[in-house]
Amino acid sequence: MNSMKVNRISTFLIICCAVIMAGILAGLIGYILYQGVSNISLHFLTSDASAFLAGGGIKNQLWNSFYILLITMILTVPLGIAGGIYMAEYAKPNKLTGFMRSCLEVLSSLPSIVVGMFGLLVFVNFFHWEYSILSGALALTVFNLPVIVRVCEDALRSVPHDQRLSGLALGLTQWHTIKKVLLPAAFPGILTGLILSAGRVFGESAALLFTAGLSTPNLDFTNWNPLAPNSPLNLLRSAETLSVHIWAVNSDSIIPDAKQVASGAAAVLVICILLFNLFARCLGKLVERKMIGK
Amino acid sequence: MIVKNGEPYVDDTAINRRLIKKDLSYKTIFSKKREYRGKILVFISASFIMAATIAITLFLTFQGIRSFTVDRVNIISFLAGLNWNPTDVQHPSYGAFPFIFGSLSVTILAALVAAPIGIGSALFMTEIAKKWGQKFLQPIIEILVGIPSVVYGLIGMSVIIPFIRSQFGGLGFGLLAGAIVVGVMILPTVTSIAADALKSVPDDLRHASYALGATKWQTIYKVVIPAALPSLLTAIVLGMSRAFGEALAVQMVIGNAKDLPHSLIEPAATLTTIITLSMGHTTDGSVLNDVLWSLGLILLVMSYIFIILIRFLSRRGRLL
Amino acid sequence: GKSTDSTNTASTKSADTESKSGGDLSGKLTIGGSTALQPLAAAAAKEFMNLHPGVQIQVQGGGSGTGLSQAAKGNLDIGMSDYFADAEKDISAENLEDHKVAVVGMTAAVNPKTGVTNLSKDELKKVFTGKVHDWSEVGGKKGKITLVNRPDGSGTRATFDQFALDNATPAEGITQDSSNTVSKIISDTPGAIGYLALSYFNNHSVTKLSIDGVKATEDNVTSGKFPVWAYEHMYTKGKPNQLEQAFLKFMMSEEVQDKLVPAQGYISVAKMNVERNAEGKTTKK
Amino acid sequence: MLTQLKEKVIYPEPKKQSVIIEVNDLNVYYKNNHAVKNVSIPIRERSITALIGPSGCGKSSFLRTINRMNDLIAGAKCQGEIMYDGINLLDKKIDVVALRKEIGMVFQKPNPFPKSIYENIAMPLKFSGIRGKTRINEIVEESLFQAALLEEVKDRLTQSALSLSGGQQQRLCIARALALKPKVLLLDEPTSAIDPVSSAKIEDLLLTLKKQVSLVIVTHNMQQAARIADQTAFFYEGEVVEYDDTPVMFTNPAFKRTEDYINGRFG
Amino acid sequence: MLTQLKEKVIYPEPKKQSVIIEVNDLNVYYKNNHAVKNVSIPIRERSITALIGPSGCGKSSFLRTINRMNDLIAGAKCQGEIMYDGINLLDKKIDVVALRKEIGMVFQKPNPFPKSIYENIAMPLKFSGIRGKTRINEIVEESLFQAALLEEVKDRLTQSALSLSGGQQQRLCIARALALKPKVLLLDEPTSAIDPVSSAKIEDLLLTLKKQVSLVIVTHNMQQAARIADQTAFFYEGEVVEYDDTPVMFTNPAFKRTEDYINGRFG
Ligand SMILES: Nc1ncnc2c1ncn2[C@@H]1O[C@H](COP(=O)(O)OP(=O)(O)OP(=O)(O)O)[C@@H](O)[C@H]1O
Ligand SMILES: Nc1ncnc2c1ncn2[C@@H]1O[C@H](COP(=O)(O)OP(=O)(O)OP(=O)(O)O)[C@@H](O)[C@H]1O
Ligand SMILES: [Mg+2]
Ligand SMILES: [Mg+2]
Ligand SMILES: O=P([O-])([O-])[O-]
């Protein structure tokens, strides 16, 4: 039968697409891990990068990545969740909301390099924060804020409408309904979204190129005074992150083992992303189960 | 009835005031019990988004038009010129067309890579194997979205470039490599948005179709895809907008040659790669620096255009 | 700007244990720019930090343009460049103080499979401006010519354009940010040609090209026979401070000039029999 | 057609119970949709008023207007008068939060919060300003008892409310509303999503409750209305076709349309 | 309890019409949920069989099993026998696409495709391999006529089907199903989401249709079942409590539970 044949062929093609998709992931992860894992060692993770000799590590880059991530999340999470609450619960369908939504769309579709250029213009040059963790984190805030607003808004919207109604019908104010009923119910979704967005921040590179710089001072991991120039905590020092390091090592370094360092660093990066993902999934499920099954 | 000053007087306190709103005052606005406090807080946070967007647009616009207003670069020859040679001492030329062309080609080619596979995978997830799709493809997509672009670039350099070199000759660096890398990169974005679009087609329609004896493909092709078409196009456009703005992964594989490429395997450059490549070499206020900001402004304008396109598509979707 | 990873060879841990030999110096120094000078600066920085454990020096790449522009802005303490700051019209050269620390020769680098080891200047120009497309046209084996360029801010590129190509603008080819990448691509790609500082010809994966029959050797450079060379400058913004001064002094010390400079493929300024001014005019000393 | 008939409607004289809410000429619009049209009925104190009528006739809209839940619907507009305790509830100056504590509401689908059973009742109490653990415990227990749920859940107050069966959840929602000591309780098809046994339990519960609270219940089950309601209003296309004491309405309806509906000829 | 009573059920002898579908011992499971339990009833040719029962009792599940729409639900499992034209419809070898053309289905919510009225009928025709513009036009017209919709829409066949009223949409859905000339038409609460007038029209339509097609209709409106059905099956918690000719069922039900349900004592 003709239509049956067409059906079979097209189904086959669609399955092919899915297989390609899965293949790409398997290929990517497999290749990166295969190439990179052999280069990962305790030494690689805990020693400084080298400018021209073989055998450098990624200690500072790894630290910088996590530190910038932390600062970015501290800046974005409260802002983003509050923004999400506004968009989901308070925004009335009027011109202002329409405009705000457009802004959100614009912001979330800006190329990260444009965000980086904005950071260069404003944070680095205008405020004279130079290439620094602060500039980088602020640029990433611009980059990540719309994502978190979106995550929070979606999570709140997916809370059944009758939860809202029952809160209000019990004489709770809207704010208390949000705080006590909706946010807890949306929490697993928000948490999962936050962690996934953290993964994206962790891997971002173009926005940091012009804001956090491509170098790291010699960090003294015994000096935790945030004002010291060589303190890992200093916000006003330049900081090369792991993903920027991969790019830099590949495009303009003079170390002889650039390939090994790059693939090792890429493997570390991907493993971190995988862990973020796994973590988000497990935590989200755990929290959800705790809320429903208690 | 109470009479006061010769007038009949309704005792206000007799009416129960407990259901009447308290007057607005400093105290009620900031007191814990009232909700104004929370409302103001979230509104201010939301305003940050507007502030950031406006700031970015204004700063980049002002910085980006300097090359035309201050440095007197001809805007036509900037947009349409084929020759980019800012270091020539006598006759510096700032023709950005090859980069615009490069960006557009990479974007379109990437969409050609990503759209069929992405929409196919989305169909798999929503129509063919729902359970499987949710269980396996969803996490795959989430992981792929999370993989940093430099990693895609790295793989492009170490796998795709040697492959192209061995298959087609040449350097391997070029539009084709860029398009493949970016196409794979936007694949998860396209897939997940397309899957959302397909999921939002009401099951009613599918049931109607199946109950009328349609095969799976007939249902997909004649009912599901037409109903989701504007959103599917949105998915592709969104993917393209990501491709247009991608910088480092492209720079690692495209070769960064400033001439118009003659074939897919010749090195080329895009707006983003030329910015990352040259920005560091310039000083504030130099013509080259200003021109790079103008390239940034083009990126900004393009992302606005993409948004307008998406808006247009989603409005069409609502009419259906 | 653009640069590479930092040099962190002197760890602070050793600072605690080692006796403080030159212990009066401390502070942080960021050096960046020319990738032609980068290997030498990095090696010198390492030795300097061994001598002064309190000092931290990072050496980055990025290209000469980056070196000059970031030094002028104050983002780099010392900017390295292959060309004179005056040559860059956007940079206010009067603010920058020049320190010539070495000379480096530069020449074209080709993939060994091309079979070419020498080209006349004319042939070189034809190759780089895209007038010839096949190696067989200039006496090599048959194979397509592929150009590998450095970006606009590169001093290697500026020097090579000026003295090897007589200011002809090279045709477009693939453009890479660092000399190291260029060297890698040339060795990977049959038919590829680019240009590198002599300090990068440290293995035999790429062929060092002679120009007009003159080999690109130290002797030929110092005597002025081989024209493609450049001073390696270190620029400071205004007068160097104490730390910068100490490092620059170290750069000019015998330890660096007599040991590191030749070992890394550079030439000491003192050895030069010719000199060159900012306009590029070469004269006998 | 209906408006012509309207004039003939003669509302019965108030029986034993006095009026607690008096609705006068109420109109509700959703954008262009005129959902409730000139409705004027009284809600009697300590009695059950049932609202019946086919789907989409405006019963829920009417109910939601009473405790201003319609404020939440974008584009909804209410006109008219809902007199309660000397004030018009549709007035702009009304403090809706305070109002909703006094006029509670229970929905069709049981919608407990995803928290413990105890918290479901305690949380709204805390927000209404009641302090003190013992005081709150007392009220929780009392309202669970009132909702005939105490026996079933007293040993598992800390368990999630979602672990209860549908019928239990609905009674929990009633208990939650009762904890705030409302004067009026609005119920929108409270039994239509739950099993027959639970449904019967809730009917019993409502009959007990009406000794303290005035109840308004929307139902699509005519027999349910007949069983429990003191007064019944029949809605049709936004208008109240007939309002009367339940026995009168079900045995001797004034209008053909009411009779048709009650006898299942449409709807 | 019900299973004990079950043994006493004596299905009536076939009346005038012969059996077109014979369901034997049908069980439907959704994961752990046993939704339809040992159901055995006949569907008679050219007559209307009504399925009644409270919400969630398995009426829809039963109906969906007949034309294998349950295949689309992940986790659904069907066991038993549905004999039709000498074959068991639950057989793995059944070509479900062909089956669904012969046994059509109409859903509770009208679900026309977001295309023109004409396309709504023509598209499934094309799917089933019917070619030729005149042939298709003919069938479109014929089925619109059969569904009593032709008069209302003949001048605007190219307009979007979504511009029709709910009742018209539902009749369009019926027309669409009729165009494929089904032997059996399954209707799942076809009138419950539309207005009374349209609903009455559809009832009339069904009475006309049964001259050519066997109809199975799920309804929650007992009176509707009484008005139009020849046979009625009463479902309760997944089981068929009673199956009989409609007049018998409504005047003299064999079981107390049936009587209670019919008289609105629950559900
Ligand atoms: N949130 C809303 N927005 C717009 N229109 C609405 C909304 N809610 C109800 N309507 C419209 O108002 C009219 C009355 O609806 P309402 O829900 O009050 O009816 P109902 O009698 O409660 O019906 P049901 O028995 O189905 O619950 C309907 O035409 C409906 O479409
Ligand atoms: N898609 C499904 N997945 C899982 N369980 C289902 C599904 N559909 C129905 N059920 C379950 O099967 C049982 C019977 O449902 P069914 O929809 O057949 O009842 P019904 O008699 O049609 O009810 P209603 O009158 O509400 O339509 C219910 O317990 C229901 O929860
Ligand atoms: Mg309702
Ligand atoms: Mg059903
Ligand atoms: O990096 P350069 O030495 O070519 O400027």
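Okay, let's start at ligand 2: helix 2 of chain E gives four residues to the shell around ligand 2, the largest share. Helices here are DSSP runs of H or I with at least four residues, strands are runs of E with at least two, and both are numbered from the N terminus.

Quick housekeeping: this is a predicted model, so to speak of local features we need pLDDT of at least 70, side-chain atom pairs count only at pLDDT 80 or more, and totals for chains, interfaces and linings use all residues. Residues are numbered from 1 along each chain as its sequence is written, chains are lettered from A and ligands numbered from 1 in the order in which they are written, and side-chain values use heavy atoms, leaving out hydrogens and water.

Back to ligand 2. The shell has 13 residues, and the closest are E:S55, E:G56, E:K59, E:S60 and E:S61; to get in, a residue needs a heavy atom within 4 Å of the ligand. By class, that's four nonpolar, six polar and three charged, where Ala, Val, Leu, Ile, Met, Phe, Trp, Tyr, Cys and Pro count as nonpolar, Asp, Glu, Lys and Arg as charged, and the others, Gly among them, as polar.

Now the atom pairs. The side chain of E:S61 puts an N or O atom 2.5 Å from an oxygen of ligand 2. A polar backbone atom of E:G56 sits 2.7 Å from a ligand oxygen, and for E:C57 a backbone N or O atom is 3.2 Å from one. How much of ligand 2 does the protein bury? On its own the ligand exposes 630 Å², and 63% of that gets buried, using Shrake-Rupley areas with a 1.4 Å probe.

Next up, ligand 5. Its surroundings are in chain C, including C:S34, C:D82 and C:R150. One residue is nonpolar, seven are polar and two are charged. C:S64 has a side-chain N or O atom 2.5 Å from an oxygen of the ligand, while a polar backbone atom of C:G155 is 2.7 Å from a ligand oxygen. Alone, ligand 5 exposes 200 Å², and the protein buries 100% of that.

Last stop, chain B. About 610 Å² is buried between the domains, 66% of it from carbon and sulfur atoms; that's accessible area (1.4 Å probe) lost on putting the two parts together, summed over both. On the domain 1 side, B:L60, B:Q63 and B:G64 supply 72% of the buried area, more than any other three residues.

Notes. Polar contact = N/O pair within 3.5 Å; in protein donor to acceptor, adjacent residues only side chain to side chain.
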